[in-house]
Amino acid sequence: MKRTLVMGLVMIMALVGFEGKVYAQGYEYKVITSVESIIPSGLGRSRIISASEDRDYKEFTSSRTEEKDKRNKSKRSKIRVKNFEETKLLNFYNIAGIRFQNIAANDAVISSKINGMAEEGWELAFVVSGVESDAGDQDGNGIYITRFVFKRRKEKVAE
């Protein structure tokens, strides 16, 4: 009985907080993208990209039905993000071919970015990657894209 009462008080304190405010928990998410060039001779550009401003997807979304068949007419300039962080990476290739030192250097820079995000309270939730690689003799181009999805707890004071 005494233990149940103590546990109940601990749970109430955790819910209400020490300042007497009730907090609702949720998460906010942030996507960081690395783009690594797979263009021979080191001609491509490789970067880590992180948006510094938010967009509300609802402004650029339309719901289409059989009765209501109007598409969203948002202008590209309203969607475009002009404030972003761009971190230089090295290309996978140089004139001599694939450059393993460049890959190791990129790993070090990307790890530093992930560690920096962790220090800011972000947790790596999952990673998605894709490749558009060389399509044959006439192409010679490609990119390797990785999206890192981070999340962190946000607390809102319930009113």
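Guide: Happy to! A cavity here is a set of grid points where a 1.4 Å probe fits but cannot get out. One more thing before we go on: this is a predicted model.

Visitor: Good to know. How many cavities of 30 Å³ or more does the structure hold?

Guide: The structure holds one cavity of 30 Å³ or more. About 40 Å³ of space lies in the largest cavity.

Visitor: Which residues line the largest cavity?

Guide: Its lining consists of Ile32, Ser34, Ile48, Ile110, Lys113, Ile114, Phe148 and Phe150. Two or more of the lining residues come from each of E1, helix H3 (100-119) and strand E7 (143-157). H3 gives the most, with three residues.

Visitor: And what is the make-up of that lining by class?

Guide: The lining of the largest cavity has six nonpolar residues, one polar and one charged.

Visitor: What does Ile114 touch?

Guide: Leaving aside neighbours within four places in sequence, Ile114 is in contact with Phe148 and Phe150.

Visitor: Then what is Ile32 in contact with?

Guide: With neighbours within four places in sequence left out, the contacts of Ile32 are Ile48, Ile49, Ser50, Lys113, Met117, Thr146, Arg147, Phe148 and Phe150. Ile32 also belongs to the largest nonpolar core.

Visitor: Oh, who else is in that core?

Guide: The core has eight residues, and besides Ile32 they are Ile48, Leu89, Ile110, Met117, Trp122, Phe148 and Phe150. H3 and E7 each supply at least two residues of this core. As background, nonpolar side chains in soluble globular proteins tend to be buried together.

Visitor: Switching to pockets: how much space lies in the largest one?

Guide: About 520 Å³ of space lies in the largest pocket. The pocket is lined by 17 residues, and the closest to its centre are Lys30, Val31, Ala51, Glu53 and Asp54. Strand E1 (23-37) and strand E2 (46-51) are the elements that give two or more residues to this lining. E1 provides the largest share, six residues.

Visitor: What classes are in the pocket lining?

Guide: By class, the lining of the largest pocket has eight nonpolar, three polar and six charged residues.

Visitor: Back to H3 for a moment. Why does Asn102 count as buried?

Guide: Asn102, a residue of helix H3, counts as buried because its relative accessible area is 13%, and the cut-off for buried is under 20%. Beyond its neighbours within four places in sequence, Asn102 is in contact with Leu90 and Asn91.

Visitor: Can you give me the overall picture too?

Guide: The protein has three helices and seven strands, in the order α-β-β-α-β-β-β-α-β-β along the sequence. Of its 159 residues, 18% count as buried. The accessible surface comes to about 12400 Å², and 53% of that belongs to carbon and sulfur atoms.

Visitor: What share of the contacts comes from residues 24 or more positions apart?

Guide: Among contacts with a separation of 6 or more, such pairs account for 66%.

Methods
Residues numbered from 1 in each chain as written. Predicted model: local features only at pLDDT ≥ 70, side-chain atom pairs only at ≥ 80, totals over all residues. Heavy atoms only, no water. 1 Å grid on protein atoms, 1.4 Å probe; cavity = no way out; pocket = protein on both sides within 12 Å on 5 of 7 lines; lining within 4 Å. Points joined across faces, edges and corners; volume = space filled by probe spheres on them. Helix = DSSP H or I, 4+ residues; strand = E, 2+ residues; numbered from the N terminus. Nonpolar A, V, L, I, M, F, W, Y, C, P; charged D, E, K, R; others polar. Core = buried A, V, L, I, M, F, W, Y, C linked by side-chain atoms within 4.5 Å. Buried < 20%, exposed > 50% of the residue type's maximum accessible area, 1.4 Å probe, protein only. Contact = heavy atoms within 4.5 Å. Areas by Shrake-Rupley, 256 points an atom, 1.4 Å probe, with all protein chains shown as cover.
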